[in-house]
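Dear colleague,

A summary of the findings follows it.

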Amino acid sequence: MLRTMALMCCALCFQVVPRLKPPDVRYVPTPQNVVERMLAIARVTSADIVYDLGSGDGRIPITAAKTYGARGVGIEIDPFYLRDAIDNARKAGVTDRVRFLNQDLFESDIREATVVTLFLLPQVNERLAPKLKRELRPGTRVVSHQYTMGADWPPEYAEDVGGLMVYRWTIE
Ligand SMILES: C[S@@+](CC[C@H](N)C(=O)[O-])C[C@H]1O[C@@H](n2cnc3c(N)ncnc32)[C@H](O)[C@@H]1O
C-alpha cells in the first residue's frame, strides 16, 4: 500500500511520460553556426513553417523564429529533450511561434511544413524519404545536416560549413 502510494507520488511529482519507442538516432546537437547556415540555405522567411524532425533541444525551430520570424515545429520522441526545448523556447521568448510535439517523426503529420530540417543518420534519412516526397507540398525545402538521402535522391545543393556538410532538396 505504502509502496503504491510512493510510486503514484513519484509519477505525479516528476511527470513521468512513457517513451513512445526507442529513438532511431541519439541526441547530438547541430552547432549553432551550422543551424544558422541550414536556415539560410533553406531560404527561410517569416512566411515559413519550419519542421525539425528529431528536434532535440529545439535550437533549429527556435532560431528560425528568432532570426526570421518564422513559425517552428519540433518533433521529438524523447520527453527529456522535449521538456528542454519547451524551456528553451520560453527563455528565447518565442512560445507564440514555436511548438514542440512528443511524436515519432515517422508517424507525425508534416503536411503543413514549408521547410523541413534533419540531423539524423543516412539509413534513417533513406527510410524517411518516401514520407517526405508523399506528404510535403511542391516547393518545400528539405535541409539535412551531415547526411544525404542516398543515391536515389541526390541533393540539389551541398555546402561545407567548416567541415560539416549541409544538403538541400526541393520537393517537386
Ligand atoms: C542528432 S539529434 C538532432 C537534434 C537537433 N535536430 C539538432 O540538429 O540539433 C536527433 C534527435 O532526434 C530524436 N529522435 C530520434 N528518433 C526519433 C524519432 N523516431 N522521432 C522523433 N525524434 C527522434 C533524438 O531523441 C534526438 O533528439
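**Sheet and helix packing**

Seven strands form an open sheet with mixed pairing, in the order 3-2-1-4-5-7-6; strands (E, at least two residues) and helices (H or I, at least four) are DSSP runs numbered from the N terminus, and two strands pair if DSSP finds at least two bridges between them. Strand 3 (98–101) and strand 6 (157–161) are at the edges with a single partner strand each, so one side of each has no neighbour in the sheet. From one strand to the next the twist averages 20°, where axes are lines fitted to C-alpha atoms, for helices over the stretch in contact, and angles run from 0 to 180 degrees between N-to-C directions.

The model is predicted: local features need pLDDT of at least 70 and side-chain atom pairs count only at pLDDT 80 or more, while totals for chains, interfaces and linings use all residues. Residues are numbered from 1 along each chain as its sequence is written.

Strand 5 (residues 141–145) and strand 7 (residues 164–170) run antiparallel and are joined by five bridges. Serine 144 stands opposite tyrosine 167 in strand 7.

Helix 3 (residues 59–68) lies across strand 1 (49–53), strand 2 (71–75), strand 3 and strand 4 (115–118), at about 175° to strand 2. Contact here requires C-beta atoms, placed from the backbone, to lie within 7 Å.

The axes of helix 2 (residues 32–41) and helix 3 come within 10 Å, crossing at roughly 60°. Among the residues that meet are Val35 and Leu39 in helix 2, and Ile60 and Ala64 in helix 3.

With kind regards

Notes: Two residues are in contact if their C-beta atoms, placed from the backbone, lie within 7 Å.
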